[in-house]
Amino acid sequence: MKYRILLSLVAILFAINVSAQETKEYPHAFIGLQGGVMKAYNGQGIDRKWNPMAAVSLGYNFTSVFGMRLQANGSMWDAELANGSNWKSKIGNIDLDMMFNLSNVFFPHQKNAVNLIAIAGVPFELAVPHAWVNNYARTACTGSDRWNTAWKVGGMLDFNLSKHWGFNIEAGTNYIRQKNDVNIDNNKWWPYAMAGLTFKFGHKKIKKEEPVIIEEDEPEPVVEKEPVVEPGPQPEPQPEPQPVLTKPMKITQNIFFDLAKSDIKADQNGKIDEIVKWTNEHPKASILLTGYADKQTGTPEVNKRIAKERTNAVKKALTDKGVAANRIKIDVKGDTEQPFANNDDNRVVIAFGEE
C-alpha cells in the first residue's frame, strides 16, 4: 500500500511542478464513457474467453503533456468449463491513472489530430463471490469479496473530433494479486481493450493581448521664412570652419534575458546606464524599445506576453533612473521576428535612440 500512496504523491507533485504552456486546448477537464472486452490469465479453464466490460472516467489534463483520471469499470463473467460446470462472477475496479501525452512531447508546437497517450495506474478491484455451479452443488470462493490492489499499464489513441469531443481506442493490462482462499495462483493478468467517447470541458480562458500602442511623433513646429533681402556688396570669402567632432546622435543597446524570464540581469545594468547617459546628453531624443522572444520555446501567445513583460521591465528601469516616460516608445514583436541567428539571443529587448 505504501508504494501506491507514494506513486499517487509523485503524480500530484508532477502535476503541480510540470511546466505548463497555456493554449486554447489545455488545461481542461474531461468525462468519458467506454465499452469493450476483458479476459483473465491465471491457469483456469476460463482463460480463453473474452467477456464484456464498461467504464466511466472523470479526469483533468493539467498541461498538454500530463493528466490524471479516476475511472470506474466492471465486467460480468460467464464461462462453461470442460466438466460441464459454470463459472460466474461480477468484477468492479476503481482506477487512479496517470496519463502522459507523448504526441505533445514530440510535437509541442502544433495541434495534433491524433494523440498517443501512455497510461500508468493503480486499480482497486472488488469481485462479488465466485460460484462453481453444477447439477449437484454450489460452493463459494472464500475471500472473493475483498478489495484487491493491482498495477496497470496501457496506451490510448485519442482522436480530436472537435474542441469538446474526442474518440478514443484504449488497450492495456492489470496485474492483480487477489486474496481469494483458493488452491491456484492468485497472480492474475487482466488484459483489456475498449473504445469510447470523451467530452472535454472547463478550458482555461486565455486573456486577450492588449493591442500594442506606438506613440506617434509630435509634428515639428512650422518655422516662418525670413523675408527676402536684396543682396548688397558681397563680403570677402572667409575660410570654411573646421568640423567640430561631437558625440554620436544615435545609440543601440541589446538587453538580453534568460529563458522565460523578464527580470533584467545584473550584467545588463551597464547597458541601461549607457542609455540613460545618452538621453541626458540628448534631451530632445526619443528611445524605441522593441521586445522579442525566441521561437523554439513556448507558444506564440506566451512569447508575445513575455516579450511585452521584458519591454515594460526595460522601460521601468529607464524611468526609475529619470528618463521621462513620454520619451520612450514600445513595440512588441514576440516570436514573429527573430533579429539574431542564434536562437537564445532572441530573448532580447533592442533599445534604439535617435535625435
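**Reading the terms against the numbers**

Biologist: Why is Glu354 called partly exposed?

Modeller: Glu354 has a relative accessible area of 38%, and because buried means under 20%, exposed means over 50% and partly exposed lies in between (1.4 Å probe, protein chains only), Glu354 is partly exposed. This is a predicted model, in which local features need pLDDT of at least 70 and side-chain atom pairs count only at pLDDT 80 or more, while totals for chains, interfaces and linings use all residues. Residues are numbered from 1 along each chain as its sequence is written, and side-chain values use heavy atoms, with hydrogens and water left out.

Biologist: What makes Lys250 and Glu354 a salt bridge?

Modeller: The closest N and O atoms of Lys250 and Glu354 are 3.7 Å apart, and a salt bridge is a side-chain nitrogen of Lys or Arg within 4 Å of a carboxyl oxygen of Asp or Glu, so the pair qualifies. Lys250 lies in strand β11 (residues 250-256) and Glu354 in strand β14 (residues 348-354), so the pair ties together parts that are 104 residues apart in sequence. Helices (H or I, at least four residues) and strands (E, at least two) are DSSP runs, numbered from the N terminus, and the chain has four helices and 14 strands.

Biologist: How do you know that Arg69 and Asp97 form a salt bridge, and which strands hold them?

Modeller: Their closest N and O atoms are 2.9 Å apart, and the two residues form a salt bridge. Arg69 lies in strand β3 (residues 66-80) and Asp97 in strand β4 (residues 86-101), so this pair ties together parts that are 28 residues apart in sequence.

Biologist: What makes both of these residues buried?

Modeller: Arg69 has a relative accessible area of 3% and Asp97 one of 0%, so Arg69 is buried and Asp97 is buried too.

Biologist: What joins Glu309 to Arg305, and where do they lie?

Modeller: The side chains of Glu309 and Arg305 meet in a salt bridge, with 3.9 Å from N to O, and both residues lie in helix α4, four residues apart, about one turn of the helix. Glu309 is partly exposed, with a relative accessible area of 35%, and Arg305 is partly exposed, with 34%. Elsewhere, salt bridges that share partners join Arg69, Asp95, Asp97, Lys152 and Glu170 into one network, and a search of the whole structure finds 14 salt bridges.

Biologist: What makes strand β13 mostly covered?

Modeller: Six of the seven residues in strand β13 (residues 328-334) are buried, while in the whole chain of 355 residues buried residues make up 38%.
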